[in-house]
Amino acid sequence: MAALLVFWGFLPLLATAFSWHGLWYELGLFGPHPTLSYESVGMKSPEVHVKQWHPDCEEGYVFLSPRGHSYPEPGPLVYDHRGNLVWMERAFGEVMDLKVQQYQGQDYLTFWAGEYDGTRGMGQYYMLNSSYDVVHIVSAANGHQGDLHEFKITDQGTAILTIYEICQADLSAVDGPEDGWIYDSLFQEIDIETGELIFEWRARDHYAIDESYLPFGDKGSSPSAQDAYDYFHINSIDKHPRDGSYLISSRYMHTVTCISSTGEILWVLGGKRNTFRDMSSDGSATGFTWQHDARWHSDNVLTLLDNAAYENGYTCDHSRGLMIQLDFAEWTADTLHVYDSPGRSSSHSQGSLQVLPRTGNVFIGWGKSSAYTEFRTDGDLLCDFHWGPRVFFWLGWTKSYRAQKSHWVGRPRDPPDVEVDETAHTAYVSWNGATDVAGWVLQRASNGSAPEEEFESVQYEPKEGFETTVELVGNGYFRLVAVDFEGNHMGVTRVFEVFETWNAAETIRSSLSIFSEGVFQWTLVGICATGALSTAVWTGRRRIQETFRSFYGRLKSYWGVMNTYKPIQSIS
């Protein structure tokens with residue numbers, strides 16, 4: 001009885017042990033970039049830690065473009081809505097702004113790829129079809145290089161893109177040289193089919209240097225990428241589907257500006273030239289700072305990510321998403337909803353906010369912080385995912401400029417990949433980029449070059465995450481067939497041969513290898529467990545003391561009851 005009471009007393013601590021992997025992950029014990037390896041393909045992907053999950057999160061695929069100090073092989077990544085890898089590609093190098101867009105009735109994966117100098121991108125924009133073929137490459141006009149911050153396809157079949165150009169400017173208004181150098185922010189609208197320039201706008205024609213909030217320091221004395229003064233910093237463009245006006249975000253002006261189809265400024269939200277009276281009690285409707293990703297949600301409602309921080313300072317203790325309503329009759333602005341970052345973390349740069357089409361949920365990628373989160377429209381937190389430890393968020397060692405969530409159908413041309421462990425009589429199978437796979441059918445034939453009709457189906461294995469483990473049945477020549485939820489064949493692996501043989505030397509070598517790896521792994525786990533347990537005990541010492549007092553009280557009560565019944569037991 002006493003042992004049972006001890007068990008119940010320490011049950012909360014035992015339950016905590018089951019979440020220790022998540023604790024170790026967040027404390028960085030797996031490193032700044034925890035990864036998962038796969039047998040079937042020679043690559044690793046970031047391990048996604050599900051901090052919170054709710055079934056009301058919208059189904060779809062998450063699109064990331066990871067990079068950073070701890071991410072040596074950048075490239076586009078696609079995950080499913082539960083954090084399992086779907087597609088990974090290294091051929092393009094560092095990419096930005098990966099998302100799904102429609103062009104001429106077809107869905108495309110689009111992104112920027114090129115060189116990055118710390119402020120701007122110098123490259124082109126790629127459009128991939130559902131088979132991951134490059135169908136279109138879009139370039140900026142007039143000899144400019146396309147910038148990483150925006151590539152937006154409009155309903156009219158055009159593309160809006162950002163450009164950064166280093167040029168001379170008078171910087172005396174900020175105590176700089178009269179013949180100084182700046183990054184000018186431009187955007188262009190391009191016809192995708194012909195490459196023809198439709199429209200171009202420059203910030204320096206409309207905004208003065210001293211309207212910037214970015215400290216000048218000692219910038220601007222030369223045209224080098226490290227020295228030019230980035231006073232405006234355009235980071236998003238949206239086009240109104242009806243009146244053709246443009247909505248642009250300037251990070252360093254703290255403004256969202258509406259520009260007419262002919263280039264005149266119609267109004268400014270935020271910054272030193274603010275047009276609106278703020279109706280929000282906290283001033284957030286016009287007081288956002290260092291923001292990203294301003295978008296139209298409706299004719300009078302826009303959304304943005306209020307970073308409230310930059311590389312050298314804060315204006316608020318955490319970043320948040322905002323949904324802001326504008327009244328163009330009274331020229332007022334009011335914050336409808338706020339989406340606070342979980343744990344009140346701060347993202348010093350980058351990030352995005354997307355209103356999902358089917359549920360109206362709000363999906364936020366936290367940019368420099370390797371996390372993405374989904375909220376209900378009213379701000380309730382639904383799902384929270386980390387693809388890097390929280391302890392390293394502020395360093396930005398693994399980051400994604402934006403995170404997007406969309407419907408996507410991927411049907412790669414390459415066949416599925418398979419790796420066979422003959423000793424374990426096991427196959428590992430995956431299909432990089434395929435979205436419709438429900439499971440794998442194991443087929444066997446007596447001859448490796450047998451025709452299609454001679455392969456018999458011997459087993460079905462439901463798909464599990466990115467890679468599925470299949471136990472092989474019997475001997476012979478095998479292959480694995482990918483099937484969808486209706487049983488249709490989608491793709492087939494190479495044929496591989498497996499026959500049971502016993503090799504004493506190989507068996508001993510394999511056993512020793514497994515033993516040595518196991519000893520090393522469990523030694524490492526023991527060290528980590530000791531550290532984690534010490535941390536848990538120290539941080540939860542008050543809870544442990546309370547648990548012990550409670551247990552001690554129950555034990556005293558128990559022995560008191562037992563002593564009460566002793567005389568009765570002795571009489572009987």
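Figure 1. With a relative accessible area of 0%, F111 is buried (buried means under 20% relative accessible area, exposed over 50%, partly exposed in between, with a 1.4 Å probe and protein chains only). F92, at 23%, is partly exposed. Their ring centres lie 4.9 Å apart and their planes stand at 70 degrees, so this pair is edge-to-face. Rings of Phe, Tyr and Trp (its six-membered ring) pair if their centres lie within 6.5 Å; planes under 30 degrees apart count as stacked, over 60 as edge-to-face and the rest as tilted. F92 sits in the loop between β6 (85-88) and β7 (95-103), while F111 belongs to strand β8 (residues 106-116), so the pair ties together parts 19 residues apart in sequence. Helices (H or I, at least four residues) and strands (E, at least two) are DSSP runs, numbered from the N terminus.

A word on the model shown here: it is predicted, so local features need pLDDT of at least 70 and side-chain atom pairs count only at pLDDT 80 or more, while totals for chains, interfaces and linings use all residues. Residues are numbered from 1 along each chain as its sequence is written, and side-chain values use heavy atoms, leaving out hydrogens and water.

**Figure 2. Y372 and F385, a stacked pair.** Here the rings are 5.1 Å apart, centre to centre, with 15 degrees between the planes. Y372 lies in strand β28 (residues 371-375) and F385 in strand β29 (residues 381-386), 13 residues apart. Y372 is buried, at 1% relative accessible area, and F385 also counts as buried, at 4%. A search of the whole structure finds 33 aromatic pairs.

**Figure 3. W201 and the rings around it.** Not counting residues up to four places away in sequence, W201 touches S185, L186, F187, H206, Y207, F232, I248, I259 and G263 (contact means heavy atoms within 4.5 Å). W201 also belongs to one aromatic cluster with F187, F199, Y207, Y231, F232 and Y246. R273 lies over the face of Y207, at 4.4 Å from the ring centre. A charge sits over a ring if NZ of Lys or CZ of Arg is within 6 Å of the ring centre and within 35 degrees of the ring normal.

**Figure 4. N432 in its loop.** Look for N432 between β32 (426-430) and β33 (439-445). N432 is buried, with a relative accessible area of 18%. Its side chain reaches the backbone oxygen of M88 at 2.9 Å. Beyond its neighbours within four places in sequence, N432 is in contact with M43, V86, W87, M88, P412 and F466.

**Figure 5. Helix α3 and the residue that follows.** Helix α3 covers residues 20-27, and its buried residues are W20, G22, W24, Y25 and E26. After α3 comes G28, whose phi is positive, near 85 degrees.

Terms used:
A polar contact is a pair of N or O atoms within 3.5 Å; within protein, one must be able to donate a hydrogen and the other to accept it, and residues adjacent in sequence count only if both atoms are side-chain atoms.
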